[in-house]
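Dear colleague,

Please find below the structure I promised to hand over, followed by my notes on what was found in it.

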Amino acid sequence: MKKEDLSDLRAEFDKFVQESCPSGEMQQRDPDAGDKEDDEPVPQFVDALTAKLLAPALSGVYLSRLDIKRIAEAIDESLPIKERIKMVRSLFRHTNSKEYLKGAFDEISKHINGRVLIYQELSEAFPASKPIFDEHASKAKKTMKMFEQIIDDFEEIGPSDDPIFI
């Protein structure tokens, strides 16, 4: 390709951009930029949960943004695509019942169990890597046990509960 062909292509592209995008719309937008909801407080367990759940080295699995979005949709929640931490915080921000918590953790467990099945298939296909996959599977199972502990420790707050009355 000749150098003058590239300069012609560049000039054509610049012309297209100028015609298609008015100067005010050319600002760069950060899709992960926060909004007011991101600053709202979350229950205490959420920070520990995100630290463990979103770190594959700790949880044994990687949950993508799409996985988190699917989990939310399965429990009738709607989440915008953002950073994974912000998505998990949004998912649990308004948790006020054990039932909601159990439903969310059941869906997360389904996704984790899917990854464990993949690990089992891979360890059968590649026996030399079995110890690595077994380690990830055991981390995933420990993560799911953590869900049970969070549910047991969670205290429900009803709209009629009086925080002053003990």
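Thr95 touches Tyr100, Leu101 and Phe154 once its neighbours within four places in sequence are set aside, where contact means heavy atoms within 4.5 Å. This is a predicted model, in which local features need pLDDT of at least 70 and side-chain atom pairs count only at pLDDT 80 or more, while totals for chains, interfaces and linings use all residues. Residues are numbered from 1 along each chain as its sequence is written, and side-chain values use heavy atoms, with hydrogens and water left out.

Thr95 sits in the loop between α5 and α6; helices here are DSSP runs of H or I with at least four residues, strands are runs of E with at least two, and both are numbered from the N terminus. Thr95 counts as buried, because its relative accessibility is 10% (buried means under 20% relative accessible area, exposed over 50%, and partly exposed in between, with a 1.4 Å probe and protein chains only). A polar atom of the Thr95 side chain lies 2.9 Å from the backbone oxygen of Phe92.

Phe92 also belongs to an aromatic cluster, which it forms with Phe45, Phe105, Phe147 and Phe154. Rings of Phe, Tyr and Trp (its six-membered ring) pair if their centres lie within 6.5 Å, and planes under 30 degrees apart count as stacked, over 60 as edge-to-face and the rest as tilted. Five aromatic pairs are counted by this rule. The pair of Phe45 and Phe154 is edge-to-face, because the ring centres are 6.1 Å apart and the planes stand at 90°. This pair links distant parts of the chain, 109 residues apart, with Phe45 in helix α2 (residues 45-53) and Phe154 in the segment after α7 (130-153). Phe45 is buried at 13% relative accessibility, and Phe154 is buried at 11%.

Phe92 and Phe105 make a tilted aromatic pair, with 5.4 Å from centre to centre and 40° between the planes. Since Phe92 lies in helix α5 (residues 84-92) and Phe105 in helix α6 (residues 98-125), this pair ties together parts that are 13 residues apart in sequence. Phe92 is buried with a relative accessible area of 0%, and Phe105 is buried at 1% relative accessibility.

As for confidence, the mean pLDDT of the protein (the predictor's confidence in each residue, from 0 to 100) is 84, and 82% of its residues reach 70 or more. Over residues 24-28, however, pLDDT stays under 50, and the model has two contacts beyond four places in sequence for them.

Note on methods
A polar contact is a pair of N or O atoms within 3.5 Å; within protein, one must be able to donate a hydrogen and the other to accept it, and residues adjacent in sequence count only if both atoms are side-chain atoms.
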